[in-house]
Amino acid sequence: MPRRLGVVLLGVLLLCGTWTAVLPAQEKKAAAKEKSAAAAKGQKAQAPVKAKPQPKPAAKPPAAANKDNKPDSKPGGKPTAKPDTKPAGKPTGKPEQKPAAKQGGKSAAKPQAEKVSFVRQVAPILVKKCLACHGPRQPKSNYQVTSYQALLQEGDFGSPPVVPGKPEESMLYELIAEEDDPESWMPKEADRLPEAEIAVIRRWIEQGAPFDGPDKTAPLTRIIPRVYDPAPQAYPAPLPVTALAFSPDGKRLVASGYNELTLWDPESGKLLGRWGQMPQRIYDLEFSPDGKLLAVAGGTPGELGEAKLLDAATGRTVRLLAVTEDVVFAVAFSPDGKRVACGGADRAIRIFETGSGKLLHKMEDHADWVMDLAWSPDGKWLVSASRDKTAKVFEAAKGQAQTTYNGHGAVVYACVFSADGKSVFTAAENRRIHQWNPQDGKKQGEMGLSGEVFRLVRADGFLLACASDRTARQYQMKDRKQVRVFGGHSDWVYSLAVHLGSKRLATGTFDGKIFLWNLADGKQLRNFYAAPGYPKKVAKK
């Protein structure tokens, strides 16, 4: 498996809300090799980023961010404290019925159990703990928990998963309530569900397994309430910077955070603000052509993903475009801003109408994760990069595949059209950038680097790329000649953004730093950790 995907394990650690400093060099290499071997078998996404060894979990989770640090309201989140009530143990049968105490010659009314909501209480457990193995693609035991309707189907169990009113006869309850045999309980190869969650599902079945949502066939990821964990008040350690974007005026640099976006002053490196209510991990950011919207792609690895549009001035969510069963990696506005596309680990590409959020097309031509998307300058074509080792060109108006390029023979991480639309550049795990014709898929040329290439950006006739060799590079698109190398990074370079008006280049690294460069002469201006509260200071060059 490509090492870019090794950060997938990082997301698993982040599900616990904890992380620490990066592993020593030898441990890094060992972890990367181990992850590479696992991914080569085509396992489901657990935490997409481009590869790299994972940090060790910290002893305690970071404190929730103070709402005063954010320009908007305090982000909502899941409770982290233990429930006040004592968790119920595994029931062995129906509870013994004791006679009610008499009051004034009459029996006192027995308090009724609180009604369990499928949408608010049961579905979130299933999405978080079960969907990774029982999703739409190759579900284990041929059993899906993708919707309420699917949840009731037997799959290969041979007996009903849910028998309304009878938890002991429900295979779903039997598997999650198993105590003695880790090989038998669900979720497989994971910790047993907390007793409180098991009790919720039991009560729901006892109450008849009712459905309180709008549509029994709707994906659970669509009907559950959107609840975001709070960002850490102070980061105990930096996170990889997986996405960057300059505001149209160049006065703000937006960066990926943990359940948040962080806003920085490019000239001083000072923190300007924090926008909460965001996906746990963020993999792509793009401002709309008119600068009024900011598109965000991300999610919780192995659980769900989302693409949404924000008000670029306030960070307020304007529209939730897509909710998927795993993370969304890429988002891109059409040149006129009227359409926006996204793609991710569910291998689907979706094109939406920006103004209404209406889904125009859904393309499922790729056999694996969609890693990147880019529009042609005239907005007629959309190119995609995929973990299935291909890149594809689609006719955007029809949502139909036009051309497939498989010249890399390796995971394709990034893609972009040339300024005239006559060429496509794609970057891959094989340390190569290929140039090819989008109409017939014929290769036109290539550039070699000394590391895996993670991101491509077109800027005023130039192509900028960043890679695992700790560099960003600038090329002339017309002849593929290298103009300059932006070296001196402290770790692999995962993300980059360009602002032509101020001639600034920003690069983000695995060890959590942002580097600012003068695009005109290649000089480094400053670097800093994109981790609010982390003690390291801005370093000027």
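Q: Which residues is Pro 167 in contact with, leaving aside its neighbours within four places in sequence?
A: Pro 167 is in contact with Tyr 173, Arg 202, Ile 205 and Glu 206. Please keep in mind that this is a predicted model.

Q: Where is the place of Pro 167?
A: Pro 167 is in the loop that runs between α4 (148–151) and α5 (171–177).

Q: Buried or exposed?
A: Pro 167 has a relative accessible area of 2%. Buried means under 20%, so Pro 167 counts as buried.

Q: How far apart are the C-alpha atoms of Pro 167 and Arg 203?
A: They are separated by 8.3 Å, although the two residues are 36 residues apart along the chain.

Q: On to helix α3, then. Which of its residues are buried?
A: Helix α3 covers residues 118–129, and its buried residues are Phe 118, Val 119, Val 122, Ala 123, Ile 125, Leu 126 and Val 127.

Q: What do those buried residues of α3 pack against?
A: They pack against α4, α6 (195–206), α7 (220–223) and β9 (304–311).

Q: And what happens at the start of α3?
A: There, Ser 117 has a side-chain oxygen that comes to within 3.4 Å of the backbone nitrogen of Val 119.

Q: Which residues touch the most other members of the largest nonpolar core?
A: Phe 118, Leu 151 and Trp 204 do, in a core of 35 residues. Two or more residues come from each of α3, α4, α5, α6 and α7. Helix α3 gives the most, with 7 residues.

Q: Which residues does Trp 204 touch?
A: Apart from residues up to four places away in sequence, Trp 204 touches Val 116, Phe 118, Val 122, Tyr 148, Leu 151, Val 162, Ala 209 and Pro 210. Another core, of 24 residues, lies apart from the largest one; Met 371, Ala 472, Tyr 494 and Phe 510 are among its members.

Q: How many aromatic pairs are in the whole structure?
A: The search finds 17. One of them joins Phe 118 and Phe 211, a tilted pair with 5.7 Å centre to centre and 55° between the planes.

Q: Why does that pair tie together parts that are apart in sequence?
A: Phe 118 belongs to helix α3, while Phe 211 sits in the loop between α6 and α7, so the pair links parts 93 residues apart in sequence. Both residues are buried.

Q: What about the rings of Tyr 148 and Trp 204?
A: Their centres are 6.4 Å apart and their planes lie at 80°, so this pair is edge-to-face. Tyr 148 is in helix α4 and Trp 204 in helix α6, so parts 56 residues apart in sequence are tied together. Tyr 148 and Trp 204 are both buried.

Q: Changing topic: in what order do the 4 strands of the open sheet run?
A: The order is β3-β4-β5-β6, with antiparallel pairing. At the edges are β3 (244–246) and β6 (271–275), each of which pairs on one side only. From one strand to the next, the twist averages 20°.

Q: How many bridges are there between β5 and β6?
A: Strand β5 (residues 261–264) pairs with β6 over 4 bridges. In β6, Arg 274 stands opposite Thr 262.

Q: Last one: where does Ser 334 lie, and what does its side chain reach?
A: Ser 334 lies in the loop between β11 (328–333) and β12 (339–344). Its side chain reaches the backbone nitrogen of Lys 338 at 3.4 Å. Ser 334 is buried, with a relative accessible area of 0%.

Definitions and conventions
Residues are numbered from 1 along each chain as its sequence is written. This is a predicted model: local features need pLDDT of at least 70, side-chain atom pairs count only at pLDDT 80 or more; totals for chains, interfaces and linings use all residues. Side-chain values use heavy atoms; hydrogens and water are left out. Buried means under 20% relative accessible area, exposed over 50%, partly exposed in between (1.4 Å probe, protein chains only). Contact means heavy atoms within 4.5 Å. Two strands pair if DSSP finds at least two bridges between them. Axes are lines fitted to C-alpha atoms, for helices over the stretch in contact, and angles run from 0 to 180 degrees between N-to-C directions. A polar contact is a pair of N or O atoms within 3.5 Å; within protein, one must be able to donate a hydrogen and the other to accept it, and residues adjacent in sequence count only if both atoms are side-chain atoms. A nonpolar core is a set of buried Ala, Val, Leu, Ile, Met, Phe, Trp, Tyr and Cys residues joined through side-chain atoms within 4.5 Å. Rings of Phe, Tyr and Trp (its six-membered ring) pair if their centres lie within 6.5 Å; planes under 30 degrees apart count as stacked, over 60 as edge-to-face and the rest as tilted.
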